[in-house]
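Open the model in your viewer and keep the sequence panel beside it.

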Amino acid sequence: MAHPDDIEFFCAGSVVLMTRRGVHVDFVLATSGDKGTEDPKIDGPALAARREEEQKRAASLLGADQVEFLRHADAELTESLELRGEFVRAIRRSRPDVLLTFDPTPGYRQHPDHRVVGRMALDAAWPCARDRLTHPEMGPPHKTAEAWLFAGPAPTLMVDVSTVLNEKINARLEHETQTGSSAALRARWRHIGAEERFTQVDLR
Ligand SMILES: [Zn+2]
C-alpha cells in the first residue's frame, strides 16, 4: 500500500473475510501519509506518527498480523531498486499466496504513489522475490501465486463484503485525521462500500 487508509478504502472488507477464515494478512505501507492534511497546525512528522497509530488500530480491527511502515516521503515515491528491494524483503518474510496492491495501469488522476507502489509490488512479487539471485540479501526466494489489483480500469473479481461492511467502516473511522463527519462517511460507505473489485493476475 502507499498510504494509511488505502487498505480501508480499497480492500478492508476482503481482508476481514480472509482473516475470519484464519488467513494471515500482513500490511506493508510505503509511506506514512505525512502530506495528508489541510490543517495548518500539524506538521508532517507529527501527522505521520498519528497516522501510523491510526493504521495500527485499524489493522487490529481487521485482524491483520503485522503492519510494516517503510517511511518513505508521501507523494515522493519513485520506481527504484530500493523500494522494489523492500517489497521483496516483505514478500520473502510474509510468504503470501496472494498479493493485494494497486493496479498500476496508467490512468488519469491516479495518485503517483499508487501507481509506483502497484508497479514495484508486482515487480517484486514476479519475478524478483521468486529469483534466488535477485536481491539475495532480502531473504530466501518465494513464489506468490496471484495478485489482486484494485483501483484498475477492468476488474475481473467482485467480492461482496456486505456482511462485514460495519467492520470495514469502523476500521476506516480509525483514520481520524482523514475523517470530517463520521456520520456522513458512514452513510456514504454504506452506499459505496459493499463491493470490492479486483483484477486477478496469475503470477505462477
Ligand atoms: Zn493512497
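Buried here means under 20% relative accessible area, with exposed over 50% and partly exposed in between (1.4 Å probe, protein chains only). This is a predicted model, in which local features need pLDDT of at least 70, side-chain atom pairs count only at pLDDT 80 or more, and totals for chains, interfaces and linings use all residues. Residues are numbered from 1 along each chain as its sequence is written, and side-chain values use heavy atoms, leaving out hydrogens and water.

Select D6 to begin: at 4% relative accessibility, D6 is buried. H114 is buried too, at 13%.

D6 sits in helix α1 (residues 6-10) and H114 in helix α5 (residues 112-128), so the pair ties together parts 108 residues apart in sequence. Helices (H or I, at least four residues) and strands (E, at least two) are DSSP runs, numbered from the N terminus.

Next, colour the open sheet, whose four strands come in the order β3-β4-β6-β5 with mixed pairing; strands pair if DSSP finds at least two bridges between them. β3 (98-102) and β5 (157-160) are at the edges, each with a single partner strand, so one side of each has no neighbour in the sheet. β3 and β4 (residues 146-150) run parallel, joined by five bridges. Pick T101 to find its bridge partner in β4, L149.
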